[in-house]
Amino acid sequence: MAQPAVTKNQDLEVTIQDLTYEGMGVAKVAGFPLFIEDALPGEKMQVHVLKVQKQYGFAKVTKRLTDSPDRVAGADGAYIRTGIAPLSILAYPAQLKFKQRQIEELYKKAHLAIDVLPTIGMNHPLGYRNKAQVPVRMVNGELQTGFYKKHSHDLVPIEDFLIQDPKIDHAIVVVRDLLRKYQVPAYDERTNRGVIRNIMVRRGHATHQMMIVLVSRTWQVPHLKDIVEEMTLALPEVTSVVVNLNDKRTNVILGRKSKTIYGQDYLLDKLLGSEFQISPVSFYQVNPVQTEVLYTQAIEAAGLTGKETVIDAYSGIGTISLTMARHAKHVYGVEVVESAVRDAQENAARNHIKNVTFEVGKAEDVIQKWKDADLPVDVLMVDPPRKGLDKSFIDAVGYMKPPKIIYVSCNPATLARDLQLLAGFGYTAKQTQPVDMFPQTQHIESITALTLD
């Protein structure tokens with residue numbers, strides 16, 4: 001077997017040729033790929049090889065010899081080390097092209113002849129996230145908030161998270177300082193002791209309501225009354241403080257039980273004219289500005305005229321369903337999480353939207369039941385998680401045969417796979433519209449309209 005062209009601890013001079021889907025630079029040494037953080041196409045650099053595997057290796061930059069014209073001067077390395085914003089070194093127009101090209105490359109590999117339109121970006125691609133979940137740990141004897149270095153449990157203390165709403169960043173610092181003041185122990189994952197594991201903050205973009213969730217190993221949080229009193233004085237936007245119990249040895253952030261200790265059990269926000277209540281565990285898009293762009297694009301792609309019956313197959317708390325209901329005859333939402341369906345029903349009532357029906361269940365089971373009941377469907381809306389559509393769901397779509405499918409994807413790899421499978425049932429697409437929901441990161445959201453031939 002041929003040996004790799006490089007060895008561990010070797011020092012090399014390389015030229016970066018491309019970016020991976022994760023935003024790492026790629027250099028090739030005698031055809032052997034090296035993946036390098038903080039490196040952009042066209043840049044020449046000296047690197048030190050860290051790790052060599054059979055088909056690729058990893059190296060770190062020791063000296064950059066030339067700069068790409070797309071490099072952002074003075075970008076903070078902490079955002080790359082922690083993976084918060086791996087594309088923050090890349091100028092924003094180049095980020096948008098990178099995302100368009102990623103989908104194009106995947107379509108090419110999958111032999112899909114679908115046009116990929118230029119990515120719709122943001123006017124202000126920083127400070128957009130309306131939700132933060134940050135770990136609380138002891139670092140050098142002091143309670144800190146920040147983010148883990150990639151592939152490690154070493155906390156990097158951070159106060160300005162770049163892509164989060166600055167009001168959320170400020171709130172985290174206020175809570176951190178109160179935990180320090182009242183000497184509340186940070187969680188220690190090695191011993192499974194301590195109290196506060198994470199701070200989660202959500203803020204309504206339109207309403208400015210703020211929810212603070214203290215994720216704790218125990219219900220007994222020292223000086224909780226004093227902390228909440230000072231927190232709500234310092235942060236007048238806070239309308240809800242919740243303690244979430246997570247007493248398991250796990251990487252999962254939230255536990256299953258929560259207690260509201262101040263204000264409401266939810267916060268309110270508005271999207272495209274509808275008001276939504278969002279509980280601590282609800283899924284709600286993290287970029288409200290671009291969510292409005294995404295949903296508007298989805299409605300246009302569906303060609304809604306007010307006469308259509310729509311199924312929303314992953315309806316969550318009803319954000320897409322209720323938005324589409326304003327443009328359709330009736331929308332049927334299906335969602336496997338019972339609490340999300342309750343939220344969706346309450347959100348429909350809150351907005352006086354009557355032409356919606358929500359049902360709990362697995363999408364593939366419920367849409368087959370609706371088909372058997374002769375429900376006439378004009379448009380099927382799917383917005384699945386990163387793993388894409390289950391094969392059983394695609395089979396159910398083949399059984400139901402809706403004339404049009406609107407596929408909102410957050411993972412172009414599973415999108416390309418699913419489009420190939422749907423083609424087997426006679427569905428074709430002409431174009432995909434990427435929408436940049438996650439500037440400064442490698443994540444890619446897109447909308448594709450499919451029709452039945």
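Predicted model: local features only at pLDDT ≥ 70, side-chain atom pairs only at ≥ 80, totals over all residues.
Residues are numbered from 1 along each chain as its sequence is written, and side-chain values use heavy atoms, without hydrogens and water. Local features need pLDDT of at least 70 and side-chain atom pairs pLDDT 80 or more, while totals for chains, interfaces and linings use all residues.

An unreviewed UniProt entry annotates residues 5-63 as "domain: TRAM"; such annotations may be inferred rather than shown by experiment. Over residues 5-63 the chain is 0% helix and 56% strand, where strands are DSSP runs of E with at least two residues and helices are runs of H or I with at least four.

Ring pairs link Phe35, Tyr56 and Phe58 into a cluster; rings of Phe, Tyr and Trp (its six-membered ring) pair if their centres lie within 6.5 Å. Tyr56 and Phe58 are edge-to-face, at 5.8 Å centre to centre and 85 degrees between the planes (over 60 degrees is edge-to-face, under 30 stacked, the rest tilted). Tyr56 counts as partly exposed because its relative accessibility is 31% (buried is under 20%, exposed over 50%, partly exposed in between, with a 1.4 Å probe and protein chains only).

Helix 10 covers residues 412-423. Its buried residues include Pro412, Leu415 and Leu419. Among the elements that cover the buried residues are helix 2 (92-109) and strand 22 (427-435). At the start of helix 10, a side-chain oxygen of Asn411 reaches to within 3.0 Å of the backbone nitrogen of Ala413.

Key: Expected span 1.5 Å × (residues − 1). Contact = heavy atoms within 4.5 Å. Polar contact = N/O pair within 3.5 Å; in protein donor to acceptor, adjacent residues only side chain to side chain.
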